[in-house]
Amino acid sequence: MTTFEQIAPQLEHQAIEVPSWAYGNSGTRFKVFGSPGTPRTVEEKIDDAAAVHRFTGLAPKVALHIPWDMVDDFAALARYAQDAGIEIGTINSNTFQDEDYKLGGLTHHDPAVRQKAIDHHLQCIEIMGATGSQDLKIWLADGSNYPGQADMRARQDRLADSLQQIYAQLSGDQRLVLEYKIFEPSFYHTDVPDWGTALVHVQALGERAVVCLDTGHHAPSTNVEFIVTQLLRVGKLGSFDFNSRFYADDDLIVGSADPFQLFRILFEVIRGGGYGPDSDVAFMLDQCHNIEKKIPGQIRSVLNVQEMTARALLVDREALAAAQQAGDVLSAHQIFMDAFYTDVRADLAAWRESRGLPGDPMGAYAASGYQEKIEADRVGGTQMSW
Ligand code: LRH
Ligand code: MN
């Protein structure tokens with residue numbers, strides 16, 4: 001059995017990108033609840049993301065969403081983040097809220113609307129130049145609600161052309177990361193509904209185009225870890241949007257609904273070479289804390305990923321391979337489950353303390369007074385949604 005001491009060094013470099021929108025008010029179509037201390041500015045979102053990193057040592061980057069996080073000077077914002085001890089990460093585009101995009105953006109039949117959507121992405125690439133971000137993440141709400149409403153084939157051809165025009169503007173080590181989602185807000189067809197469609201498009205674009213796997217974007221009972229295996233195998237897994245769900249795109253705390261699925265996913269990431277200092281697979285969270293406090297929610301989330309990563313690293317790979325080679329079904333399964341059932345929380349707490357971090361980040365945050373301070377200070381102004 002592999003020991004915690006043996007795998008602990010592999011936890012040193014773990015970095016999880018947190019989403020700026022997790023710190024704003026979010027909700028459902030029924031209600032978006034406000035909460036005391038919610039940021040009123042992008043800088044306050046960055047302060048809260050920096051707090052998560054301070055208490056966990058796990059979240060050195062914050063992803064932005066445009067235009068939700070629009071500011072006049074992104075270079076100044078990047079410096080503000082650095083002064084707070086973190087960096088600005090992935091830039092997320094948004095062609096799902098403007099009136100013109102009701103029937104789509106990059107897939108729209110009207111060239112003027114398509115050009116507007118393309119120009120939005122070129123603006124995001126400019127912002128990446130100012131923030132030093134590597135990834136442009138594109139998720140499209142594009143699709144239709146009724147059979148016959150849309151020419152699905154023509155939309156795919158238009159999408160390929162639009163993506164090509166955006167891809168052509170990337171420079172240096174910048175990447176285009178295409179995120180798929182099975183449905184919502186479109187309820188009949190979605191133009192990028194699954195990993196296969198995303199893969200077809202990124203393969204057509206080139207080596208700097210990869211796929212984002214959002215764990216909440218699959219049909220129920222999809223074997224998500226098999227998709228991880230295949231995308232890693234063909235070198236096209238660019239990033240994760242981690243969250244969890246019971247039903248649809250619930251965007252709940254990662255590992256809260258199905259910790260075993262998270263374990264299985266992380267095992268395939270490790271087995272497929274997608275984890276480690278030389279891997280360019282970005283680990284991000286994509287969540288909304290509709291009713292729970294947002295900063296503790298984010299701390300809990302990055303700890304859940306760290307914990308399941310540690311358990312997945314504990315799988316005795318040699319014994320597993322031997323049992324698999326021997327066709328010993330039950331032994332192979334037992335070796336896998338032994339790691340999952342290994343409680344690493346005490347070891348992780350001691351390991352954090354050995355690195356000058358609080359052994360219990362949730363407890364340390366609660367005792368820090370940070371939450372009370374922001375609730376007292378952040379009165380007036382308008383709380384940010386998303
Ligand atoms: C779409 C999505 C996408 C984001 C948004 C906040 O459901 O997962 O990643 O742009 O959530
Ligand atoms: Mn997502």
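Q: What makes the crossing of H9 and H13 right-handed?
A: A crossing is right-handed if the near helix is turned clockwise from the far one by less than a right angle, and left-handed if anticlockwise. H9 passes H13 in the right-handed sense in this predicted model, where local features need pLDDT of at least 70, side-chain atom pairs count only at pLDDT 80 or more, and totals for chains, interfaces and linings use all residues. Residues are numbered from 1 along each chain as its sequence is written, and side-chain values use heavy atoms, without hydrogens and water.

Q: Why is H9 called roughly antiparallel to H13?
A: The angle between H9 and H13 (residues 361–368) is about 160°, and their axes are 10 Å apart. Angles run from 0 to 180 degrees between N-to-C directions, with axes fitted to C-alpha atoms over the stretch in contact. The cut-offs are under 35 degrees for roughly parallel, over 145 for roughly antiparallel and 65 to 115 for roughly perpendicular, the rest being oblique. H9 is therefore roughly antiparallel to H13.

Q: Which residues of H9 and H13 meet?
A: Ile295, Pro296, Ile299, Arg300 and Leu303 of H9 meet Pro361, Met362 and Tyr365 of H13, contact being heavy atoms within 4.5 Å. By class there are 7 nonpolar residues, no polar ones and 1 charged.

Q: Why are H10 and H11 given the term roughly antiparallel?
A: H10 (residues 317–325) and H11 (residues 329–340) pack at about 160°, with axes 8 Å apart. H10 and H11 therefore count as roughly antiparallel. Ala319, Leu320, Ala323 and Gln324 of H10 make the contact with Ser331, Ala332 and Ile335 of H11. The crossing of H10 past H11 is left-handed.

Q: What makes Gln287 buried or exposed?
A: Buried means under 20% relative accessible area, exposed over 50%, and partly exposed in between (1.4 Å probe, protein chains only). Gln287 has 0%, so Gln287 is buried. Gln287 sits in the loop between strand S10 (282–285) and helix H9 (294–313).

Q: How do you know that Gln287 makes a polar contact with Ser301?
A: A polar contact is a pair of N or O atoms within 3.5 Å; within protein, one must be able to donate a hydrogen and the other to accept it, and residues adjacent in sequence count only if both atoms are side-chain atoms. The side chains of Gln287 and Ser301 make such a contact at 2.8 Å. A polar side-chain atom of Gln287 also lies 2.8 Å from the backbone nitrogen of Val254.

Q: Why does Gln261 count as buried?
A: Gln261 has 17% relative accessibility, so Gln261 is buried. Gln261 belongs to helix H8 (residues 259–271).

Key: Chains lettered and ligands numbered in written order. Helix = DSSP H or I, 4+ residues; strand = E, 2+ residues; numbered from the N terminus. Nonpolar A, V, L, I, M, F, W, Y, C, P; charged D, E, K, R; others polar.
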